[in-house]
Amino acid sequence: MNLRKLYENLTCHTLLTNTTNIKVRMRRIHFRIMIGVLLFYAFYPLTWFLFRRPSEALKRSVPQSVNGTTVWDGDTVTLGSTQSETTMQDQSGETKERLKEPVPQKNIQSPNTDEENLSAVLQKDMRIDAAAETTEMQTTLEEEREDPKMGDGEKVVFRDVIHDSQNEKEISTSSGDNVDVLLKYPTLEGSMEKTNCPEKNQSKTENSKEMLQASNADTSKSPDECWDDYIVTTGPGLAQEVFCPQWSFPASSYYTTVEPTVPFEVMWRVWEDLDADSESVLTPITIKKASLDFTVMSYNILAQDLLELNQHLYAHCPLEMQQWSYRCNLLLNEIEKWAPDILCLQEVQENHYHEHLHPLLSQMGYTCVYQRRTGTKTDGCAVCYQGSRFAEAAVSKLEFFRPETGLLDRHNVGIVLLLRPLVTTEAEVKEAGPSLCVANTHLLFNPRRGDVKLAQLAIMLAEIDAVIKSCKARGEHCNVVFCGDFNSVPHLPLYQFITTGELSYQGLPTWMISGQEDLSYKPSYHRLFAPLWPSSLGISDTCQYTANINKTQSQNSGTRGYSHEFMLQLRFCPAACVRPENLALIPGVTDSKPDTSEDAQHYEKRFRDRLRHQVDLESVYKHVLPGSGCPEVTTLHSEGGTTVDYIFYSPKRTLTKKQRAYKTSAGKGLKLVGSLSLLSEDFLWSMNGLPNHILPSDHLSLVARFQLELDDA
C-alpha cells in the first residue's frame with residue numbers, strides 16, 4: 001500500500017515537473033516570437049527607407065499606356081518601347097501578381113515550427129520588396145516619349161542623376177530652341193540655390209543623351225547601387241521639358257562652387273522712359289546731333305546737424321546708419337550710379353561740403369556753387385554741373401533774410417545759375433544751343449507761415465524772370481529747370497501757383513498755402529490779405545523786380561532820364577532824412593519825417609489780391625504711382641511721409657497755327673525723356689523707413705532726363 005502511494009506520488013511529481021518544463025519552454029518560445037515581432041517593426045521602416053518605392057501620388061500621375069499610346073487628359077503621346085522594356089514590364093506585372101497572392105498562415109504547433117514560420121515570413125517579405133524595388137528601378141531608368149505637337153527633334157527624356165552622398169532629382173529634355181531652367185544643387189549649409197542652365201545647342205543635348213545611356217548601361221551591370229526613383233510628368237499644355245547637362249565639379253570639392261557672373265543687386269526704384277527713341281545720357285555730343293540729352297538730380301541729403309537736433313524724428317533708424325561717414329558713402333554711390341549732369345542739393349552742411357563733398361564731386365568732373373544759410377544755420381544749398389557739358393554764364397546767390405520788410409525774417413537761401421550747353425565739333429568744344437537757367441532753393445519749413453513761403457518763392461521767380469529777360473535782350477531763348485525742397489504738398493495753393501502762374505490768395509489761411517498740416521480745427525488763424533509783402537522788397541505782384549519795371553517804363557518815357565517812381569525812392573535815402581540847419585519848419589512840407597501815406601496807399605492799390613508770374617513751369621512727377629494709385633512720397637520720418645521735393649521745368653508746348661505764323665517761342669522748351677520712379681509710404685516703411693541701409697537721407701532723390709533742342713537758340 002505504501003509502495004503504491006509512493007508510485008502515485010512519483011508519477012504526480014513527474015507530471016508536474018514535465019508540465020512546468022513545458023510551460024517554461026512555451027514562455028521562451030513566446031518571448032522569442034515577441035522579440036522577432038519587435039525587431040520586424042523596428043527594422044521595417046529602415047528597410048522601407050533604404051528600398052523605398054515611389055509614392056502613390058506619383059504612381060497615379062503616371063499615365064496608362066494602351067498599345068503603345070499614353071493618354072494625357074485627352075492628348076495622346078506615342079511610346080516607343082524596346083524589347084528590354086517589354087521584358088521589364090512583364091517582370092513588373094509578375095511581381096505585382098505575386099504581391100497580390102495571399103500569404104498562407106499556419107497554426108503554431110511547436111516552438112520549432114513557430115520560429116521557422118516567422119523567419120520564412122520575414123525572408124519572403126524582404127524578397128518581395130527587393131524584387132519590386134528592382135523592377136520599379138528598371139522601369140524608371142529611361143523613357144523617351146515623342147509628342148505629335150512637338151517639332152522635329154524635340155523629345156522628352158526622364159532620367160535620374162546620382163550624386164556621391166545625396167540623391168538629387170533633375171528633369172531634362174532636348175529641344176531645338178534656347179530655353180533657361182533652374183537647376184537645384186546642395187550647398188554647404190544645406191540650403192537650396194538656383195542657377196540658370198541655358199541650353200546652347202543641339203550638340204550638347206546629344207552628348208548628354210549619350211552620357212545618360214552610358215550611365216544606364218552601368219546601372220544595369222550593377223543593380224546593387226541605390227538609385228533615387230523620380231517620376232516626372234509634363235501635364236497638359238506643357239510642350240517640352242528642358243535638358244540641362246550635368247554639372248561637372250572639381251574632384252577635390254564635393255560641394256558646388258558656382259559663382260555668379262553678374263553681381264546680385266535689388267533695384268528698389270526703376271527708371272521710367274517716357275520716350276523710347278531718346279538717346280542715352282552717356283552718348284557723346286557731336287555737332288551732327290540736333291539735340292542734347294542731360295540728366296538733373298535734386299536731392300535733400302539731410303544735414304547731420306539737423307539730424308542730431310531732431311533725433312525724435314529718426315528713432316526708427318539704427319544709430320550706425322545715422323553716422324555721416326556711413327551716409328556719405330551711400331550718397332556718393334547714389335550720385336555716381338545715376339551720374340547726373342546737373343546736381344541740386346539741399347541741406348548741405350558747410351564743413352561736410354568743403355571737407356568731403358566738394359573734393360569728391362570735383363574728382364567726378366563737377367563744378368560746384370555753394371550758398372550757406374544766413375544766421376546760425378550750418379547748412380545751405382549747392383548746384384553742381386559737369387564742366388564738360390555746360391559752361392557757367394552767370395550766377396546769383398540769393399538770401400531771403402530781409403529784416404527791413406518785417407516779413408522775411410527767416411534764414412533761407414537760393415541759387416540761380418545760367419548755363420550754356422557745350423558741344424564737340426571735331427577737336428573743338430564750343431557753346432551751342434539755347435541757355436539753361438537752373439534754380440535751386442529750400443523754402444521755409446514752418447507749416448503755419450505760408451505768407452513767408454510765398455514771399456521767398458517770389459524772390460526766386462523774380463530772379464529767374466530777370467535771367468530770362470537778359471537772354472531775350474540778346475535774342476536768345478532760355479529754358480528753366482527749377483529744383484528744390486519747397487515744403488509744400490502737391491495740388492495746394494503754393495504748388496498751383498508755380499504750375500499755373502496764378503494764385504488768388506485773398507482771405508486764405510496761411511497754413512493752407514503749403515498744406516503740410518490741417519489747422520482748420522483751430523478757432524482762429526492768420527489769413528492773407530493784399531498787399532502780401534511791403535514795397536521795400538522791390539518785387540511786384542507779378543513776381544518781377546520793380547527796378548526792371550521802372551527801367552522798362554523809363555525807356556519808353558521819351559526824353560526823361562528818370563521815372564517818377566524812381567525819383568520818389570530818393571525821398572527814403574538817408575541824406576533826404578537829414579534836416580538842414582537853416583531850413584524853416586513848414587508843416588507838411590519841411591517836416592522831419594516824410595509823409596508816406598500817399599505812397600503806401602498807391603502801392604496797396606497797385607498790389608492786387610492775385611499773384612502772377614511769367615515763367616512757364618511743369619512738374620516732372622505726377623505724384624501718384626501708376627497702377628496702384630498710391631501717392632508718391634519724397635520724404636519720410638517718424639511723423640509720416642509726403643511729397644515736398646520737386647523738379648519743375650519749362651516744357652515744350654505744341655505750336656498753334658497762329659503761333660507758327662508769328663514765330664513765337666511757344667514751341668521751344670525742354671522735352672521730358674524719363675524719370676526715376678518714386679516709392680509709396682508703405683513700401684518705405686517695409687524698408688524700415690528713412691534713412692536706412694540703402695537710402696542715406698530722409699528724402700528720396702529726384703532724377704529726370706531732358707532733351708534740349710540745339711536749334712532753338
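Buried means under 20% relative accessible area, exposed means over 50%, and partly exposed lies in between, with a 1.4 Å probe and protein chains only. The model is a predicted one, in which local features need pLDDT of at least 70 and side-chain atom pairs count only at pLDDT 80 or more, while totals for chains, interfaces and linings use all residues. Residues are numbered from 1 along each chain as its sequence is written, and side-chain values use heavy atoms, with hydrogens and water left out.

**Exercise 1. Describe the protein as a whole.**

Solution. Begin with the secondary structure, which comes to 17 helices and 26 strands; helices (H or I, at least four residues) and strands (E, at least two) are DSSP runs, numbered from the N terminus. Next take burial: 39% of the 713 residues count as buried. Then turn to contacts, meaning heavy atoms within 4.5 Å: among those between residues at least 6 apart in sequence, 71% join residues at least 24 apart.

**Exercise 2. Trace helix α9 from its span to its surroundings.**

Solution. First compare spans, where the expected value is 1.5 Å times one less than the number of residues: α9, residues 350–363, has 14 residues and reaches 19 Å from its first C-alpha to its last, close to the expected 20 Å. Second, look for a bend, the angle between axes fitted to the seven residues ending at a position and the seven starting there; α9 bends by about 40° at Leu357, and Pro359 follows within four residues. Third, identify its buried residues, which are His352, Tyr353, Leu357 and Leu361. These pack against α6 (304–309), α8 (324–338), β11 (342–349), β12 (366–372) and β13 (379–386). Finally, the helix is followed by Gly365, whose phi is positive, near 100°.

**Exercise 3. Apply the steps on span, burial and following residue to helix α10.**

Solution. Helix α10, residues 450–473, has 24 residues and reaches 34 Å from its first C-alpha to its last, close to the 34 Å expected. The helix is mostly covered, since 19 of its 24 residues are buried. After α10 comes Gly475, with a positive phi near 80°.
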